[in-house]
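Dear colleague,

Please find below the structure that I am handing over to you. My notes on its contents follow directly after it.

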Amino acid sequence: MFSITVRDHVMIAHSFRGEVFGPAQRLHGATYVVDATFRRADLDADNIVVDIGLATQELGAVLADLNYRNLDDEPAFAGVNTSTEFLAKVIADRLAEKVHAGALGEGARDLAGITVVLHESHVARASYERSL
């Protein structure tokens, strides 16, 4: 399996409901380093997995919709604990929508999957992997 990974970051604010979250139940901020990995079994006709420039651009576009937002105020996340794991899935699913819409080029339609890793800090990260 071939893969490429592009990286960006996003800054959000949110709070959680539930005793398991302790002090994170209060409003707090997070800056995530975000890695998006695109996978395919065979290289395309240009011997690439996907255009790195387009992958970087579309990751940035997905993150722009979340950046500098208090996720508690976003209707799409009403009543949801926007955990790191949950946000990794949201970003992966939004990237998959971009792939299916052709935003990463026609060759990207043959991608096998996407993995999104959100690095919370130098010691913690969460990820979500999905097929396309």
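Helix 2 is followed by G102, whose phi is positive, near 90 degrees. Helices (H or I, at least four residues) are DSSP runs, numbered from the N terminus. The model is predicted: local features need pLDDT of at least 70 and side-chain atom pairs count only at pLDDT 80 or more, while totals for chains, interfaces and linings use all residues. Residues are numbered from 1 along each chain as its sequence is written, and side-chain values use heavy atoms, with hydrogens and water left out.

The 17 residues of helix 2 (residues 84-100) should span 24 Å at 1.5 Å a residue, and the end C-alpha atoms are 24 Å apart, which agrees. The expected span is 1.5 Å times one less than the number of residues.

The buried residues of helix 2 include T84, L87, A88, I91 and L95. Buried means under 20% relative accessible area, exposed over 50%, and partly exposed in between (1.4 Å probe, protein chains only).

The structure also holds two aromatic pairs. F16 and F21 are stacked, at 4.4 Å centre to centre with 25 degrees between the planes. Rings of Phe, Tyr and Trp (its six-membered ring) pair if their centres lie within 6.5 Å; planes under 30 degrees apart count as stacked, over 60 as edge-to-face and the rest as tilted. F16 is buried at 9% relative accessible area, whereas F21 is partly exposed at 26%.

The rings of F77 and F86 have centres 5.9 Å apart and planes at 80 degrees, so this pair is edge-to-face. F77 is buried at 6%, and F86 is partly exposed at 28%.

Yours sincerely

Terms used:
Helix = DSSP H or I, 4+ residues; strand = E, 2+ residues; numbered from the N terminus.
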